[in-house]
2 protein chains.
Amino acid sequence: MAQLRIAMAQVNPTVGDLDGNSRTVVDCARRAHQAGAHLAVFPELMVTGYPVEDLALRNSFVSASVKAVAALAERLAEEGLGELPVGVGYLSRRAGVGERYGQPAGTPQNAFALLYRGRVEITSAKHHLPNYGVFDEFRHFVPGETLPVVRLHGVDVAFAVCEDLWQGGGPVAAARRARAGLLVTLNASPYEREKDDVRMELCQRRARETGAAVGYVNMSGGQDELIFDGDSLIVDAEGELIARAPKFEEDLFVTDLALPAAEDAGGHPPRSEEPEDAVDGVRVVRHLHSSAPIAPYAPEPAVLTPRADPSSDVGEVYRALVVGVRDYVRKNGFGSVALALSGGIDSALATTVAVDAVGGDRVHVLLLPSEHSSEHSVSDAEDLAARQGVAARTVAIAPIVEAFEQSMPLEGVAAENLQARVRGTLLMGLSNQEGHLVLATGNKSELATGYSTLYGDSVGGFAPIKDCWKSLVWQLARWRNAEAERTGAVPPIPENSISKPPSAELRPGQVDTDSLPEYDLLDGMLDTYIGTDKGMRELTLDGYDPELVHRVIRMVDKAEYKRRQYPPGPKISSRNFGRDRRLPITNRWTPRN
Amino acid sequence: MAQLRIAMAQVNPTVGDLDGNSRTVVDCARRAHQAGAHLAVFPELMVTGYPVEDLALRNSFVSASVKAVAALAERLAEEGLGELPVGVGYLSRRAGVGERYGQPAGTPQNAFALLYRGRVEITSAKHHLPNYGVFDEFRHFVPGETLPVVRLHGVDVAFAVCEDLWQGGGPVAAARRARAGLLVTLNASPYEREKDDVRMELCQRRARETGAAVGYVNMSGGQDELIFDGDSLIVDAEGELIARAPKFEEDLFVTDLALPAAEDAGGHPPRSEEPEDAVDGVRVVRHLHSSAPIAPYAPEPAVLTPRADPSSDVGEVYRALVVGVRDYVRKNGFGSVALALSGGIDSALATTVAVDAVGGDRVHVLLLPSEHSSEHSVSDAEDLAARQGVAARTVAIAPIVEAFEQSMPLEGVAAENLQARVRGTLLMGLSNQEGHLVLATGNKSELATGYSTLYGDSVGGFAPIKDCWKSLVWQLARWRNAEAERTGAVPPIPENSISKPPSAELRPGQVDTDSLPEYDLLDGMLDTYIGTDKGMRELTLDGYDPELVHRVIRMVDKAEYKRRQYPPGPKISSRNFGRDRRLPITNRWTPRN
């Protein structure tokens, strides 16, 4: 066996911030070097951030990324870190290949570079390109065709990118053929509820298949709607978990590995840069870096962050929302947020998430009672503002609503929507005047069914709980209060906001169940209809009332336009519309079976 | 030579309306039969409409399409049309192949079916899948691998779908190998300025390459943001244009063709259903339908709609906008539209387009003057409403704005935006009360630079001129007025709305050039920056002032969020953001060279 100390940097780059992301690499590489690491690795598309979307098709952006990675290699050497091999993801282009009809313009690639002694020593590119759900990588990248295998201190280390690990053929099979001792994958793998087990099990399976230890380094932090939850890990060749980073946090973790020495180490080194035959579209390209093993040393104990208790799923969702809000606010250059507090559970939870994300002093709330607002809606909102120490202002909307109705008398739903729009306009006025990012407080049940007002409660730049069913909203509120009690703090959310029946309070005595089924029932149907491929008949077979199923499905199918106009928000599930499922606006079809 | 009378149906299906689309096929097939046609062909995805987006991934939708096409075949036979071979596009799935990781769920295909004697006789699927700009077909479809060549009355007719014609290899090469006499392609090819020449030249080139006549049948009408402009055509094997349908209109046009008799016609018919070897991923599959040529008959003269005068580009854009509005309103089930009329050119043109699309009696305009509105803004708006006979109501917004400012004093941009949002709220109130679809009247120059108010002038369900630069808006207005004068009608747009300097009138004396460069200058820069891959340095080399270029580019890069929140609108160019270019919201990168 040969030893190797690997540093994995679970960091949080920003899309387009090539300078800032490069600085992060240098900082982490320095810490890795100080910790005595022999190799430092970073996430997929570290230099550009992920996802770059159609920026990948902009030639000047690809050039900027290629230049940035070359400059990064030089900078590392200048700072005395040139002897540490550093693996990073970046945006590159396929060399020596002209434009081909049907390929992304400029032949961009989701690339890997190993930086060493001031140079970009080795490059390769992601072979398997995901093209479903939130991913459109056939649109953005040309597949790579090589697996680099680097002889590093007598160990053969293979490098692959994200999806390459999820598929059996290609790079994984090539790593087995090459008899790599360690397979390192760079990832930008977004959070989904309960995904962490899937990732670990995948790494374990691939380790056993390839006979190599697997190192999995993932991004952390939020980028637009995606939240990268870290959870980087290392398993040995038998699939045993030996190191694991925390979730949602940035982390540089250093692990000592005992790996099989390459068979010919010290004897006949592999021919460098000499390609082998391609199998399944992937050629192994070997590089000789250093064939002599490290002199034996006493390994440090590995970091093995305890695995999340499966019952903490709700707590994990809460952390994801906080990370999503925190990074969206910061990465978009806002210093504060504003939102409307109704006394109901949605705005109460959204405010709590915002306070946990950016701090109570940077959260501004408006209380906007109308003539239909109950007394408790104001008192509950005031109670919450006081508990969390956020700046609250109250503006009664009745005089404004009246001014509108003097000019244009409105009835029914039109009059209800008017109130929501007056609130949205006040919120945007405050935002324009003082520079806060407005948070929309709608939940996923409302969004799915279209139970919201366009340009009213849909106003804002980010929507913290838009991917949470109403039933989950209650669970999250209860979890957050319990968490406060557990640590001896004041529960941030007034119990009354959690326990009272939900109401939009847009007409006298209105409650949500006037328009919608009970949320427990509704959310079950919605999650099935939106999250799976089941239609009317299957839902009925599941035991739901056929008439209700039909009504709910119609609501969902008709709400596509409203969903499109809603602000983005942190994604916690792939059971979604939007980036996950893109439907036509005009659509006459609703499943009947 | 053998004769064949082909009917091409340039029709306008609606996405998801399987019943309605099938009825259209039956109606056209009946007319084709009455006209003595030997073959009738319809556009790509005729049965489902195009684009279906992620509906392609819904198993029940694919099943519904497959069932609909079988039912359509039966229905044609029941109506006495079973002897007429009918070629349609529909959504199918790849038979006999299980799910494969990395493939669209359910293996959907963009398929072709030939219906005959009550059965789906022959099927195949689109081989080349476009995956750029507005197309994401790798996400939605599995490529087809066969080219059906049908011996029909002694002529070998090959059938391919849209993109298959644009690429040299695959189906086009297979048609040549198969020595087809006629290559028919089914298309859903969206309008773009000046695209018609490209299509005709493509057909001519492919005809000469394959040695076959080429029949090109395209969809017409609007679907969400896309506008299909028809322009179906037939060229002979030498590439000579012999028939051409009008643009933007539905049309069934019948053409008599003299085609080479298949070599072995009458002698040794090809083995039916017996595949040949695949070349370039495409196998020729031959089908024997009828080997005896039609008895000679006197051909009817072909329809050859005169080619558009190249100088009529602006008129063509205008027609595209009208079609886009008309079909969006109709297909989404609205009976009328509402919009705010400011007296300026944008709302004047949008109203005129709307009146031409749905009729003046179904257009409702609101005049919403503020304290900053000039006298001419009201009089010009009233003049326009009178010229076009649309119902106009006036609501002064000052009392409402005052009510807001009593509750929350606002200054500067916040106060300007407030006025726009009050207007948006009034417009939506009218829409909710009376059921009109609200049209947003912003132009592309505003959208590109973010010179608009979120939830103010961006309010609405459809935006007729969102893809028109401001300079084009003036051209369109002048063109429309000239067109009226040409036909002796009253010019619909008051000259003053065209000639006065543009202003948002949100503060005293405001004009657009306070915030933006002159539009001629701005639009040139924007079209280059958005439409090509040029950045800062190249624009400067083009002669633009570097400081101005930097300022404009920054505005454009920062406006992505506003662009996303804007309503959809008819697409007339691929020099776009949105579906054509999808950028991250958070993006720290702006090209510096």
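1. The side chains of D136(B) and R139(A) meet in a salt bridge, with 3.4 Å from N to O. The model is a predicted one, and this pair belongs to the interface of chain A and chain B, for which the count is six salt bridges. Across that interface there are also 37 residue pairs in polar contact, both partners being at pLDDT 80 or more.

2. Which elements of chain A give two or more residues to the side that touches chain B? They are α2 (59-78), α3 (137-140), α4 (163-166), α7, α10 (398-407), α11 (412-434) and α18 (560-565) of chain A. Of these, α11(A) gives the most to the side of chain A that touches chain B, with 12 residues. By class, that side of chain A divides into 42 nonpolar, 23 polar and 19 charged residues.

3. As for the extent of the interface, 84 residues of chain A are in contact with 84 residues of chain B. The two chains bury about 7300 Å² between them, and 53% of this area is on carbon and sulfur atoms.

4. Within chain A, the domain assignment gives domain 1 (2-264 + 276-288) and domain 2 (312-512), and the centres of these domains, taken over C-alpha atoms, are separated by 40 Å. Contact between them involves 15 residues of domain 1 and 15 residues of domain 2. Domain 1 and domain 2 of chain A bury about 1300 Å² between them, 46% of it on carbon and sulfur atoms. R193(A), D224(A) and F248(A) supply 39% of the area that domain 1 buries against domain 2, which is more than any other three residues supply.

5. R193(A) also forms a salt bridge with D313(A), in which the closest N and O atoms are 2.4 Å apart. Across the interface of the two domains of chain A the rule finds four salt bridges, together with 10 residue pairs in polar contact, both at pLDDT 80 or more. Strand β10 (residues 220-223) of chain A contributes the largest share of the side of domain 1 that touches domain 2, namely three residues. That side of domain 1 has four nonpolar, five polar and six charged residues.

6. Over all chains, the structure holds 19 aromatic pairs. The ring centres of Y318(A) and W479(A) are 5.4 Å apart and their planes stand at 35°, so this pair is tilted. Because Y318(A) lies in helix α7 (residues 313-331) and W479(A) in helix α13 (residues 470-486) of chain A, the pair ties together parts that are 161 residues apart in sequence.

Key:
Residues numbered from 1 in each chain as written. Chains lettered and ligands numbered in written order. Predicted model: local features only at pLDDT ≥ 70, side-chain atom pairs only at ≥ 80, totals over all residues. Heavy atoms only, no water. Domains from an automatic or database assignment. Contact = heavy atoms within 4.5 Å. Buried area = accessible area lost by both parts, 1.4 Å probe. Polar contact = N/O pair within 3.5 Å; in protein donor to acceptor, adjacent residues only side chain to side chain. Helix = DSSP H or I, 4+ residues; strand = E, 2+ residues; numbered from the N terminus. Nonpolar A, V, L, I, M, F, W, Y, C, P; charged D, E, K, R; others polar. Phe/Tyr/Trp six-rings, centres within 6.5 Å; stacked < 30°, edge-to-face > 60°.
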